[in-house]
Amino acid sequence: STQSTWGLEFRTSWSKRYRGVVALIFVIDAADRARFGECKDTFMHHIRPHVTAAVIPLLVLANKQDVQGAATRSEIVSLLELDDILHSPDLWHAEPCSAITGHGLLEALDQLMQMLLENQKRFCTDD
């Protein structure tokens, strides 16, 4: 499909787009379990290496929590192996959410802001 082709072309150019990035938001369709394998492959090959190397905050949004049977936060954390991803556990956060209802989005953005502030403290000194 055209969407899949465009997505593949975009993904192959991701490494060029990381310059100057201070955080990443990765959105997963938590209700589409059939595509979890593709999602994990994309994450492991295109997102994880850059987040880990650059030591930048990662926010994972487990979207579509309004759909019956959507994966839980712990399922997404396990799928993407987030527990052992980064140098510091305060550099990633996974939040169940719904783009339709707005549930979880404010909490997710608040958490992202906290991670950005902590990361800024880590790398910026006043001396």
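**Stop 1: salt bridges**

Six salt bridges are counted in this predicted model, a salt bridge being a side-chain nitrogen of Lys or Arg within 4 Å of a carboxyl oxygen of Asp or Glu. Residues are numbered from 1 along each chain as its sequence is written. The model is predicted, so local features need pLDDT of at least 70 and side-chain atom pairs count only at pLDDT 80 or more, while totals for chains, interfaces and linings use all residues; side-chain values use heavy atoms, with hydrogens and water left out.

Select Arg33 and Glu75. Their side chains form a salt bridge at 3.1 Å, N to O. Arg33 sits in the loop between β1 and α3, Glu75 sits in helix α4, and 42 residues separate the pair. Elements here are DSSP runs numbered from the N terminus: helices are H or I with at least four residues, strands are E with at least two. Arg33 is partly exposed at 39% relative accessibility. Glu75 is partly exposed too, at 33%. The cut-offs are these: buried is under 20% relative accessible area, exposed is over 50%, and partly exposed is in between, with a 1.4 Å probe and protein chains only.

Next, select Arg35 and Glu38. This salt bridge spans 3.0 Å, N to O. Arg35 is partly exposed, with 43% relative accessible area. Glu38 is partly exposed at 33%.

Now go to Glu81 and Lys40. Their side chains meet in a salt bridge of 2.9 Å, N to O. Glu81 is in the loop between α4 and β3 and Lys40 is in helix α3, so the pair ties together parts 41 residues apart in sequence. Lys40 is partly exposed at 26% relative accessibility. Side chains of opposite charge can pair when their charged atoms come close.

**Stop 2**

Glu81 is partly exposed, with a relative accessible area of 31%.

Then select Lys64. Lys64 is not a glycine either, yet its phi is positive, about 70°. Lys64 belongs to the loop between β2 and α4 (73-79). Lys64 is partly exposed, at 34% relative accessibility. For reference, most residues other than glycine have a negative phi.

**Stop 3**

Select residues 58-63, strand β2. Six of its six residues are buried. Color the two faces separately. Leu58, Val60 and Ala62 lie on one side, Leu59, Leu61 and Asn63 on the other, and all are buried.

β1 and β2 pair in the parallel sense over six bridges; strands count as paired if DSSP finds at least two bridges between them. Look for Ile28, which stands opposite Ala62 in β2.

β1, α3 and β2 make a right-handed β-α-β unit. To check the hand, point the strands away from you: in a right-handed crossover, the path from the first strand over the helix to the second runs clockwise.

β2 and β3 run parallel and are joined by five bridges. The bridge partner of Leu59 in β3 is His93.

**Stop 4: His93**

Is His93 buried or exposed? His93 is buried, with a relative accessible area of 14%. Show its side chain with that of Glu95: a polar contact of 2.7 Å joins them. A polar contact is a pair of N or O atoms within 3.5 Å; within protein, one must be able to donate a hydrogen and the other to accept it, and residues adjacent in sequence count only if both atoms are side-chain atoms.

Residues up to four places away in sequence aside, His93 touches Leu58, Leu59, Val60, Arg73, Gln111 and Met115. Contact means heavy atoms within 4.5 Å.

**Stop 5: nonpolar cores**

Select Val60. Beyond its neighbours within four places in sequence, Val60 contacts Phe26, Ile28, Ile76, Leu80, Leu82, His93, Ala94 and Glu95.

Which residues touch the most other members of the largest nonpolar core? They are Phe26, Ile28, Leu58, Val60, Ile76, Leu80 and Leu82, out of 22 residues. A nonpolar core is a set of buried Ala, Val, Leu, Ile, Met, Phe, Trp, Tyr and Cys residues joined through side-chain atoms within 4.5 Å. β1, α3, β2, α4 and β3 are the elements that give two or more residues to this core. α3 gives the most, with five.

Last, select Ala23, Cys97, Leu112 and Met115. They are among the seven residues of another core, which lies apart from the largest one.
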